[in-house]
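Subject: Handing over the structure

Hi,

Here is the structure I promised to pass on to you. Have it open while you read the rest of this email.

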Amino acid sequence: MAKLFEQIDVGGLSLANRIVIAPMCQYSAEDGAMTDWHLIHLGQLALSGAAALTIEATAVSPEGRISYGDVGLYDDRTEAAMQRVIDGVRRWSDMPLIIQLAHAGRKASTAKPWHGGAQIAPTAPNGWQTVAPSALPFESHENAPIALDRAGLDDIRKAFVDAARRADRVGLDAIQIHAAHGYLLHEFLSPLSNRREDEYGGSLENRMRFPLEVFDAVRAAFSPDKAVTVRVSGTDWVEGGWTVEETAILAAELEARGCAAIHVSSGGLDPRQTIPVGPSYQVPLANKVKQAVSIPVIAVGLITDPHQAEAILQAGEADAIAIARGVLWNPHWPWHAAAALGAAVKAPPQYLRSEPRGAGRVLQEMKP
Ligand SMILES: Cc1cc2nc3c(=O)[nH]c(=O)nc-3n(C[C@H](O)[C@H](O)[C@H](O)COP(=O)(O)O)c2cc1C
């Protein structure tokens with residue numbers, strides 16, 4: 001049996017196989033509220049045969065959104081909009097749903113990618129003043145963020161807690177805290193974006209302090225029987241930045257505090273990054289983290305071929321793989337992976353007749 005289709009337990013959440021759909025911002029929310037686009041998009045992916053679906057970076061406060069089109073979970077209105085979408089998806093799919101909770105820090109207040117993605121000035125429509133560990137902009141020409149003070153840190157930690165409670169209430173199965181890609185929590189971790197001179201900056205211990213405080217607070221607020229996981233950047237890909245060795249130390253700290261899995265991405269913090277992009281390019285980072293922890297480690301990044309995914313798991317470099325662009329390109333990627341590796345996936349009864357003659361018994365009836 002292919003390892004890619006073996007069951008795995010993530011903090012009590014049973015995953016039917018080792019394929020997870022990575023979070024993908026859709027920039028299609030209205031004032032933080034999910035729309036019919038999310039019902040279509042998440043609904044489609046919930047029929048893909050993957051083991052779990054991660055909902056896009058969901059902001060814990062309006063200023064924590066990357067763009068004005070981002071999803072939020074910060075008031076009753078955004079919670080009700082999400083509840084509606086989740087109820088719709090759940091009616092037809094039993095796929096576990098994970099939510100990525102996020103704060104975009106200094107990389108907030110941008111245009112949608114298909115409008116260029118540039119920062120929007122705080123005084124312009126759809127723009128706002130950003131916040132960060134230090135008053136350093138991402139790009140030198142950008143409006144600088146305001147450095148968070150004690151009250152600002154407390155507010156953001158509380159926003160994560162409130163969002164975690166709302167995520168619990170709408171029936172989500174797990175939380176992934178976004179500490180990657182140069183957003184707020186990663187900005188605390190990296191010495192390139194964190195120049196604080198208080199107990200939240202300087203040493204590795206100090207730089208990890210706020211992300212760990214947020215983790216502890218979210219873990220305490222979310223149902224104890226449900227998993228809280230973290231997504232990290234394994235390196236900044238910039239000299240003098242956040243390193244994979246530091247990532248491994250952070251991962252071990254998180255494991256000790258009850259983190260159920262670590263999802264290892266990379267980059268996003270500094271425009272000077274030089275990324276060796278290619279198939280499986282982030283897998284060595286996941287492998288390094290895996291050596292430091294015993295919780296599941298998820299690898300991501302240009303994993304596009306079922307045999308490639310299987311080889312990563314067989315080599316013990318990661319416990320599961322995540323896929324983003326590949327599943328937009330081919331929304332039934334897990335079906336085809338199962339066919340290629342002689343395994344089976346769950347599919348809705350409405351689609352069972354699609355299986356070509358001679359394909360074997362790839363599709364098994366999903367019963368939501
Ligand atoms: C359209 C799009 C939106 C994304 N949004 C998010 C996001 O909300 N949160 C996140 O952590 N990563 C996000 N990513 C990064 C992906 O989760 C993933 O790490 C990256 O695309 C590499 O995996 P892939 O090669 O399978 O696409 C996004 C990627 C794409 C293509």
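Below is what turned up in it, topic by topic.

First, the ground rules. This is a predicted model, where local features need pLDDT of at least 70 and side-chain atom pairs count only at pLDDT 80 or more, while totals for chains, interfaces and linings use all residues. Residues are numbered from 1 along each chain as its sequence is written, and side-chain values use heavy atoms, with hydrogens and water left out.

**Salt bridges**

A search of the whole structure gives 21 salt bridges (a side-chain nitrogen of Lys or Arg within 4 Å of a carboxyl oxygen of Asp or Glu). Lysine 346 makes one of them with aspartate 94, and their closest N and O atoms are 2.7 Å apart. Lysine 346 belongs to strand S13 (residues 345–347), while aspartate 94 sits in the loop between helix H2 (76–92) and strand S5 (97–102), so this pair ties together parts that are 252 residues apart in sequence. When I say helix or strand, I mean DSSP runs numbered from the N terminus: helices are H or I with at least four residues, strands are E with at least two.

How accessible are these two partners? Lysine 346 is partly exposed, at 35% relative accessible area, and aspartate 94 is partly exposed too, at 29%. The cut-offs are: buried is under 20% relative accessible area, exposed is over 50%, and partly exposed is in between (1.4 Å probe, protein chains only).

Next, look at glutamate 213 and arginine 157, a salt bridge whose closest N and O atoms are 2.8 Å apart. This pair links distant parts of the chain, with glutamate 213 in helix H5 (residues 204–221) and arginine 157 in helix H3 (residues 150–169), 56 residues apart. Arginine 157 is partly exposed at 23%.

Arginine 272 and aspartate 270 also meet in a salt bridge, at 2.7 Å from N to O. Elsewhere, salt bridges that share partners join Asp76, Glu79, Arg166 and Arg169 into one network.

**Aromatic rings**

How many aromatic pairs are there? The count is 4, where rings of Phe, Tyr and Trp (its six-membered ring) pair if their centres lie within 6.5 Å; planes under 30 degrees apart are stacked, over 60 edge-to-face, and the rest tilted. Tyrosine 200 and phenylalanine 210 have ring centres 6.2 Å apart and planes at 80°, so this pair is edge-to-face. Tyrosine 200 is in the loop between helix H4 (184–189) and H5, and phenylalanine 210 is in helix H5, so the pair ties together parts 10 residues apart in sequence. Tyrosine 200 is buried at 3% relative accessibility, and phenylalanine 210 is buried at 0%.

Tryptophan 335 and tyrosine 351 are also edge-to-face, with 6.3 Å centre to centre and 65° between the planes. Tryptophan 335 lies in helix H10 and tyrosine 351 in the loop between S13 and strand S14 (363–365), so they tie together parts 16 residues apart in sequence. Here tryptophan 335 is buried, at 8%, but tyrosine 351 is partly exposed, at 37%. There is also one aromatic cluster formed by Phe188, Tyr200 and Phe210.

**The inside**

A nonpolar core is a set of buried Ala, Val, Leu, Ile, Met, Phe, Trp, Tyr and Cys residues joined through side-chain atoms within 4.5 Å. The largest one has 94 residues, and of these Phe5 and Ile175 touch the most other members. H5 gives the most to this core, with 9 residues. Apart from it lies another core of 17 residues, among them Ala22, Ala52, Ala260 and Val300.

Lastly, helix H1 (residues 36–45) has His38, His41, Leu42, Gly43 and Leu45 as its buried residues. Their cover includes strand S3 (19–21), strand S4 (52–59), H2 and helix H9 (325–329), going by contact, meaning heavy atoms within 4.5 Å.

Cheers
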